[in-house]
Amino acid sequence: MATHSGRHFLQIPGPTNVPDQVLRAISAPTIDHRGPEFAAFTLDLLTALRPVFGTAGPVVVYPASGTGAWEAALVNTLSPEDRVLCFETGHFAALWRKMAESLGLRIDFVPGDWRHGVDPTQMAEHLRPDTAAVCVVHNETSTGVASRIPEIRQALDQAGHPALLLVDAVSSLGSVDFRHDEWGIDVTIAASQKGLMLPPGLGFTAVSAKALAANRSAGLPRSFWDWQPILDANEGGSFPYTPATNLLYGLRESLRMLDEEGLPNVWERHRRHALATRTAVHAWGLGIQCADDREHSATVTAVVLPEADKVRELILREFDMSLGVGLGRLAGQVFRIEHLGHFNDLSLAGTLSGVQMGLRLCGVPIDPAGVAAALEVLGGR
Ligand SMILES: *Cc1c(COP(=O)(O)O)cnc(C)c1O
């Protein structure tokens with residue numbers, strides 16, 4: 001293993017780079033999570049958390065990864081044998097579906113090619129009278145494809161269907177325009193280690209009034225994940241278990257940073273970086289996994305290349321940069337460039353330079369105009 005000077009480039013789509021301010025906030029002394037100081041902190045934090053989800057309603061915070069929040073969304077709203085509509089958009093959608101199956105739900109699974117998001121018309125065609133929930137991964141981190149949630153909501157409304165809309169926003173929340181209330185989402189699932197710029201360890205569910213009503217009659221067994229005891233405790237600024245106190249300090253700081261930059265500016269920054277990345281990939285003459293121009297992810301770009309693993313491993317060894325590996329069906333077929341979270345124009349310029357140098361060193365026949373084309377996008381604002 002070669003030694004490297006300077007900073008490691010962590011360009012995987014989660015965990016993402018954690019800002020120094022957040023790390024410093026996390027390093028504060030751990031205090032009594034049942035004391036008055038922590039209660040005041042929690043009440044302020046839970047209020048500050050709502051805008052990033054685009055909700056005026058409650059957000060439940062778990063000491064868990066995103067996978068835990070998936071489970072929370074299902075067990076809090078559904079009953080055994082309930083019919084759930086899932087879509088094969090990529091690796092994460094497939095994992096979530098598998099979880100739903102193992103919890104005893106009946107799954108209608110719409111197959112997909114891992115190059116498209118959920119088609120709203122097709123979604124409506126697959127609704128059955130007894131479909132209890134529609135599960136959509138907003139930003140498929142494995143493919144770099146984003147589903148159009150407002151159009152999916154519209155299709156549900158046009159069908160006049162009462163199914164709950166459950167949305168995984170793990171790799172879009174805090175980076176991409178997202179509106180839990182306005183888009184009529186019933187449960188939004190998120191995690192700390194992507195757009196929220198924190199280490200892994202927090203899972204979130206934003207909960208609509210309709211989801212809370214469903215919670216009262218939902219029959220799936222649940223204990224730790226149960227919303228009601230948590231919401232009751234949250235009223236007074238506490239939790240029914242020991243919360244991840246220091247990660248919550250970090251969350252308060254990352255929310256402050258997002259607020260300071262302004263969420264619309266944060267979304268625009270991610271859009272520009274994704275556009276510059278695609279411009280580089282096209283100029284190199286390489287392919288992008290996302291096949292629909294309306295569905296490009298703003299946070300991650302999957303580059304199609306038979307030598308993907310070789311290039312990725314070489315870039316790590318030679319230039320000390322981690323890129324995302326191909327997941328599931330895409331193993332060995334793509335590498336993924338993250339442009340997500342704590343990131344700026346020069347981080348992207350460095351990232352794309354590293355990719356271009358790696359491609360050249362590996363002997364992949366590319367046009368080295370890629371980085372220059374991306375810089376034109378970045379400079380052309
Ligand atoms: C990362 C990710 C998850 C999984 O979250 P964990 O924190 O690894 O459990 C779920 N969905 C999407 C879209 C993700 O990107």
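The model described here is predicted.

| Residue | Ligand atom | Distance |
|---|---|---|
| Ser65 | oxygen | 2.6 Å |
| Thr141 | oxygen | 2.4 Å |
| Lys194 | oxygen | 2.6 Å |

Two packed helices are described by the angle between their axes and the distance between the axes. Helix H3, spanning residues 66-77, packs with helix H4, residues 91-102, at an angle of about 50 degrees, and the axes are 10 Å apart. H3 is therefore oblique to H4. The crossing in which H3 passes H4 is right-handed. On the H3 side, the contact is made by Thr67, Trp70, Glu71 and Leu74, and on the H4 side by Phe92, Leu95, Trp96, Met99 and Ala100. Classified by residue type, this contact of H3 with H4 has seven nonpolar residues, one polar residue and one charged residue.

Most residues other than glycine have a negative phi, and most peptide bonds are trans. The peptide bond from Gly14 to Pro15 is cis, with omega near -5 degrees; Pro15 is located in the loop between strand E1 (9-11) and helix H1 (20-26). Met197, which is not a glycine, has a positive phi of about 60 degrees, and lies in the loop between strand E9 (187-191) and strand E10 (203-207).

Note on methods. Residues are numbered from 1 along each chain as its sequence is written. This is a predicted model: local features need pLDDT of at least 70, side-chain atom pairs count only at pLDDT 80 or more; totals for chains, interfaces and linings use all residues. Side-chain values use heavy atoms; hydrogens and water are left out. Axes are lines fitted to C-alpha atoms, for helices over the stretch in contact, and angles run from 0 to 180 degrees between N-to-C directions. Helices (H or I, at least four residues) and strands (E, at least two) are DSSP runs, numbered from the N terminus. Angles under 35 degrees count as roughly parallel, over 145 as roughly antiparallel, 65 to 115 as roughly perpendicular and the rest as oblique. A crossing is left-handed if the near helix is turned anticlockwise from the far one by less than a right angle, and right-handed if clockwise. Contact means heavy atoms within 4.5 Å. Ala, Val, Leu, Ile, Met, Phe, Trp, Tyr, Cys and Pro count as nonpolar, Asp, Glu, Lys and Arg as charged, and the others, Gly among them, as polar. A polar contact is a pair of N or O atoms within 3.5 Å; within protein, one must be able to donate a hydrogen and the other to accept it, and residues adjacent in sequence count only if both atoms are side-chain atoms.
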